Amino acid sequence: MQSAMHPIAVSKTALRCHHCGREVGETVHTRSLYRVDYYALHTGEVEPITLPRTDESAPPITALKLLNANQIVTCTDCYRQPGVRQERESLFRPELTAAIEQDAAS
Ligand SMILES: [Zn+2]
């Protein structure tokens, strides 16, 4: 949709680094360069839910319900720091743990 009264550029929300708060740029492509300014990690709170099956002799299905999704943005400066990577892993761990438990139960 095009409109002279509403330029596209103004409504764009800038991404900020989750760790240091600096604004991160979009990934830049040029003829000779591919520059990434940030890494995005998708995480969120999950809750295991049990789905009953129609066949009562079969074990119930356990699935993970995503309660609320978060996007963790890490700028390239912070990404080099070991502490930041640990924080990212700890943010991601609830999902991983739940996935492992689900595998063991099936
Ligand atoms: Zn940062």
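Which pattern does the protein follow, read along the sequence? Then please go through strand β5 (residues 38–51) in detail.

Modeller: The pattern is β-β-β-β-β-β-α-α, which comes to two helices and six strands. Here helices (H or I, at least four residues) and strands (E, at least two) are DSSP runs, numbered from the N terminus. This is a predicted model, in which local features need pLDDT of at least 70, side-chain atom pairs count only at pLDDT 80 or more, and totals for chains, interfaces and linings use all residues. Residues are numbered from 1 along each chain as its sequence is written.

The pLDDT, the predictor's confidence in each residue from 0 to 100, has a mean of 73 for the protein, with 68% of residues at 70 or more.

Strand β5 pairs with strand β6 (residues 61–75) in the antiparallel sense over 14 bridges; pairing requires that DSSP find at least two bridges between the strands. T50 stands opposite T62 in β6.

Strand β5 lies largely in the open, because one of its 14 residues is buried. Buried means 20 or more other C-beta atoms within 10 Å of a residue's own, exposed 12 or fewer, and partly exposed in between, with C-beta atoms placed from the backbone. Of the 106 residues of the protein, 7% count as buried.

Y38 belongs to the largest nonpolar core, together with C17, V24, C75 and C78. Such a core is a set of buried Ala, Val, Leu, Ile, Met, Phe, Trp, Tyr and Cys residues joined through C-beta atoms within 7 Å. Beyond four places in sequence, the contacts of C17 include Y38, V24, C75 and C78, a contact being two backbone-placed C-beta atoms within 7 Å.
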